[in-house]
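Work through the exercises below with the sequence and the model open. Try each task before reading its solution.

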Amino acid sequence: MQNFEYIAPTETLSAVQALSPDAGVTAVLAGGTDLLSLMKERIETPSRVVSLRNVRALRGISKKGGGLRIGAMATVQELLDSNAAAGYKSLVQAASGITAPQVRAMGTVAGDLLQRPRCWYYRNGYGLLATHEGESLVPTGENRYHAILGNKGPAYFVNASSLAPALISLGAQATVAGPDGERTVDLADLFQIPSSESERENTLSPNEIVTEVTVPGGTSGWKTATYEVRQRQLLDWPFATASVALRVRGGKIADARVVLGHVAPIPWRSSEAEAALNGQAPGEAAGEAAGKAAVAAATPLSGNKAKVQLASVAVKRAVAMAG
Amino acid sequence: MATKYDWPAAEDRSLIGKRHNRVDGPEKARGTAKYSYDRNLDGMLYARLVTSTVPHGRILGIDTSNAEKVPGYKGHVNILNVGDEVQWVGAEVLAVCADTEEHARDVAAATAVHFERLPHWVKDEDVEQAGTANRVTPAKDDTKGPDIEEAWKSADATVEGYYGLGIITHCCLEPHGQVVDWSGDEITVYASTQAVARIPADLARGLSRDESIGTVNAEQVHVITPYMGGGFGSKFNIDTWGIACAKLSKQTGKPVKLMLDRDEELMVAGGRPSDYGKVKIGAKKDGTLVAYEAETWSTGGVAGRGSPPVPYVYNNEERLSQKARHLNVSTNIGPARAWRAPNHPQAAVLTMCPMEDLAAELDMDPVEFFKKNADLTARPEVYRYEIDKCAEMIGWKDNWHKRGDSGSGPVKRGLGLSLHTWGGRPHDSTCEVRIQPDGGVSVNLASQDLGVGTYTTLSVVAAETLGLQIPDITVNIGSSRLPISGASGGSTTVGGTSASTRRATVNALEELKGVVADALEVDASDLVAKDGKVFAESDPSKSLSWTEACRKLGNRTITGQGKQPDREGGKLNDSGVGGVQMADVSVDVETGIVTINKIAAVQDVGLVLCLEQCESQVYGAVIQGIAWALYEEAIYDQATGKMLNPDMEFYKLPGAADIGELEVHMVQNKYDDRGVIGIGEPPAISPGAAISNAVANAIGVRVPTLPLTPDRVLEALANA
């Protein structure tokens with residue numbers, strides 16, 4: 001491992017001031033469940049690591065204005081244990097899908113959102129876009145876990161976040177701090193599909209950090225659920241996840257939000273599935289239609305056709321569970 | 001004819017065949033058991049391998065100039081040289097060492113090896129494609145039994161199908177490697193090995209090939225392995241990294257530790273060959289199997305891999321017409337090593353799965369079909385008994401249904417079975433048992449406990465023989481300086497070591513009886529050792545406690561010798577066992593996810609020495625089998641030639657919540673007269689075939705290849 005400077009400031013501002021505006025120079029350490037392995041594999045080689053563990057302002061989970069505030073450094077286990085978050089069914093279901101107690105204890109909410117892709121070409125050193133001799137390795141290579149949506153290239157990895165689909169479906173926002181102050185973005189806008197190797201899969205500048213995630217009030221009466229299609233009970237990446245949030249009025253879905261995970265380079269909001277749900281009675285039939293609509297535009301690669309079906313089932317079952 | 005060495009009769013056994021806590025359990029639970037990975041010696045250096053980054057190439061240059069400038073650099077040795085060819089990614093090129101593990105990684109990273117790339121191939125399942133790449137060599141056709149064309153004519157039902165399973169790796173939790181301390185003329189090796197007695201000669205030979213080292217003889221080498229963390233057939237040799245580690249120790253004058261990283265462990269230190277096959281199988285209306293024909297292909301690396309033993313178990317050469325053709329596929333992947341029951345798990349899939357498909361075609365209950373044809377096996381009576389017992393354990397009568405008759409709803413339940421066999425002939429073994437004047441008893445032999453129960457079984461054998469309890473016995477194994485015993489492979493250890501230990505203990509006891517006879521003024525042949533006493537059978541009042549008896553030795557220590565084989569040493573072991581396993585699974589036909597509800601396993605191993613350790617071996621084997629039936633698969637990328645999942649994230653293994661209920665029944669008091677037979681391999685054979693058969697029963701179609709991942713299950717359903 002390359003030698004690096006380690007600092008652990010106590011204030012958000014000093015943390016972001018310690019970060020370089022240039023990519024790849026410094027790294028932010030939250031729970032470390034991802035960064036440490038990236039550094040051991042020499043995929044990340046920062047010269048300075050800025051730990052956020054001593055920044056108290058980034059901690060805690062609380063009710064806020066009828067909604068929920070989750071500090072960036074709150075752990076997944078704290079989220080599961082939190083009374084304030086207990087009513088957010090789809091979020092709790094998503095968190096409980098992280099079945100390793102060790103990861104739940106160390107991994108943070110913002111770390112889950114901002115973890116790097118698990119694409120095995122990326123992790124084997126072929127870069128975020130998995131290129132070898134000028135070509136992407138993914139479309140003709142081993143792509144059983146890769147994207148089926150948003151995969152026109154050059155990015156084919158999937159976003160690995162467990163919590164993002166549920167949070168986006170609840171309309172969450174992220175507060176982002178940089179050396180010049182704070183800004184608030186819709187959580188969905190924190191993610192992007194990179195168009196070149198110089199871009200990342202998120203929209204943060206290298207010297208910005210997420211300080212908190214807030215779920216606005218107003219969704220408390222909504223029916224929500226997260227369904228993961230996951231092979232093992234042991235810690236395992238889902239083939240597909242769907243989080244749904246449904247506002248039901250007079251027995252009909254008045255407003256539906258459907259967000260899929262592990263199917264695209266970003267958490268994938270499906271306007272097609274939402275359209276299929278709006279105006280329908282909640283339940284299995286609506287779920288079935290939404291599942292089909294969610295993958296109608298899917299473009300599977302050479303080896304991941306099954307993910308189309310699995311994503312569809314995830315939506316169907318999430319809708320049924322929410323019902 | 002009965003001898004004094006024979007195992008005690010059933011009514012005289014106080015320890016044999018019973019449940020005992022594992023002798024090494026507390027040390028392991030406390031974390032005080034020292035594995036090779038745990039050895040940290042004073043002044044020890046850390047070594048890392050520098051390996052091939054290309055799947056096939058020639059070494060053009062090795063440049064260590066930058067590496068030698070890295071802080072902490074202490075030395076390097078070449079394993080390959082300029083001009084040598086590498087045949088897989090991860091092939092060992094050189095080993096480097098430094099003062100800390102991190103520095104050693106830095107040194108390795110700073111070492112540059114340049115390759116001329118040569119054409120490579122890593123794919124094995126599509127045999128036509130491999131043929132186009134000029135990677136296929138046919139093996140000889142193998143024909144047995146009555147004329148097969150006539151047999152097909154006599155068959156009322158035939159099925160033809162495609163079956164197979166990919167490459168898996170050993171994935172030992174303690175990776176391969178060792179600490180070597182070369183001090184003066186003495187080379188101490190803390191090796192993670194299945195063969196402590198074999199390593200000295202292996203290392204000496206490897207070192208002596210290097211002129212700069214000079215001649216090393218095996219007696220200079222002392223291998224110490226009290227505990228090791230999994231081998232499964234992959235840890236018999238010192239390997240290039242062991243030789244390099246010793247050279248680094250000599251070069252630096254310091255102890256050196258070289259344990260493989262997880263990715264190296266998966267890429268180059270393990271590997272079970274694949275097997276794929278087109279199988280045709282036929283039977284008469286009444287279920288009598290008449291013919292089996294297979295064209296199979298597989299790879300085990302560059303050398304390819306020979307034919308699997310098909311048909312498996314059901315292979316009577318007089319009554320069953322058999323034809324097998326094999327294609328050897330050469331691939332640029334890490335070479336295969338023996339994997340728990342080499343070739344048998346593959347052969348079970350290629351035989352038991354077509355048989356279950358044929359039973360479905362015949363509209364027969366597979367339990368009846370497998371029993372009906374038991375006469376085609378080497379042990380009809382054993383298998384019939386075991387099938388019935390296993391069927392009772394899994395609730396076959398209540399839970400089995402006809403194929404595809406699985407009810408409504410997305411989750412379908414199904415049952416399946418498989419049979420297996422294994423030899424397990426005991427290896428050669430010598431043992432010395434000591435009885436000390438203070439009553440202390442030790443069993444000494446250069447065997448090893450791979451985590452399977454060797455400490456416990458040898459304690460039980462000696463304690464039973466001497467009328468003592470398990471804690472009264474000290475077992476000294478895991479050192480090459482002890483009396484030589486075989487490598488632990490092929491289920492040969494328990495048969496070999498229990499026999500040499502029994503004979504050595506009987507001999508030692510005979511000598512003690514001679515001394516006690518004089519003291520008690522009785523005939524030595526009248527003495528028995530039982531319940532912690534030595535007493536005259538004709539007059540139990542003439543008795544000494546064990547300690548009193550041993551005190552009569554004065555200053556003398558008794559040493560009893562025993563060996564295996566020993567023609568005069570009684571009938572203590574045998575080879576050849578049968579086992580049956582049945583699986584109960586649920587399959588979600590919308591997601592393709594397979595869940596294990598229960599696996600039942602019935603196993604014959606002749607005389608069971610330690611019931612709990614035998615059962616543990618079966619539990620472990622079944623869990624390992626669930627792993628390769630549902631999850632495990634080495635995934636290779638043709639463009640880069642790399643294994644993409646040399647980690648424990650995408651090289652998937654099950655967790656405790658993924659294995660369902662396991663029920664094990666060891667056959668006891670039925671075949672005890674055969675003596676002890678090994679247990680390591682047999683139960684590792686059937687899980688894949690039994691689970692695949694259960695899935696076929698659940699969803700009504702065969703999922704051709706293992707592991708039974710969601711994409712494969714969905715594809716099979718879509719193709720139905």
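**Exercise 1. List the residues that B:Ser480 touches, leaving out those up to four places away in sequence.**

Solution. Start with the contacts. B:Ser480 touches B:Val196, B:Ala197, B:Ile199, B:Pro200, B:Val221, B:His222, B:Val223 and B:Ala446. Contact here means that the C-beta atoms, placed from the backbone, lie within 7 Å.

Before going on, note the ground rules. This is a predicted model, in which local features need pLDDT of at least 70 and side-chain atom pairs count only at pLDDT 80 or more, while totals for chains, interfaces and linings use all residues. Residues are numbered from 1 along each chain as its sequence is written, and chains are lettered from A and ligands numbered from 1 in the order in which they are written.

Next, take one partner. B:Ser480 and B:Val221 are 259 residues apart in sequence, yet 8.2 Å apart in space, C-alpha to C-alpha.

Then place the residue. B:Ser480 is found in the loop between strand S20 (473–476) and helix H13 (493–520) of chain B. Helices (H or I, at least four residues) and strands (E, at least two) are DSSP runs, numbered from the N terminus.

**Exercise 2. Is B:Ser480 buried or exposed?**

Solution. Count C-beta neighbours inside 10 Å. B:Ser480 has 25 of them, so B:Ser480 counts as buried. The cut-offs are 20 or more other C-beta atoms within 10 Å for buried, 12 or fewer for exposed, and partly exposed in between.

**Exercise 3. Trace the open sheet S11-S12-S13-S14 of chain A, strand by strand.**

Solution. Four strands form this sheet, with antiparallel pairing. Two strands pair if DSSP finds at least two bridges between them.

- Step 1: seven bridges join S11(A) to strand S12 (residues 240–249). In S12(A), A:Val244 is the bridge partner of A:Ala225.
- Step 2: nine bridges join S12(A) to S13(A). A:Leu246 has A:Ala256 as its bridge partner in S13(A). These two strands form a hairpin with two residues between them, and A:Gly250 in the turn has a positive phi of about 60°.
- Step 3: two bridges join S13(A) to S14(A). A:Val259 stands opposite A:Arg269 in S14(A). This hairpin has six residues between its strands, and A:His262 in the turn has a positive phi of about 65°.

Last, check the cover. In strand S13 (residues 252–261) of chain A, seven of the ten residues are buried.

**Exercise 4. Describe the open sheet S1-S3-S2 of chain A.**

Solution. Its three strands pair in parallel. The edge strands are S1 (5–7) and S2 (26–29) of chain A, each pairing on one side only. Three bridges join S1(A) to strand S3 (residues 48–51) of chain A. A:Tyr6 has A:Val49 as its bridge partner in S3(A).

**Exercise 5. Which helix gives the most to the side of chain A that touches chain B?**

Solution. Take the totals. 19 residues of chain A are in contact with 25 residues of chain B. Helix H7 (120–126) and helix H11 (306–322) of chain A each supply at least two residues of the chain A side. H11(A) gives the most, with four residues.

Key: Two residues are in contact if their C-beta atoms, placed from the backbone, lie within 7 Å.
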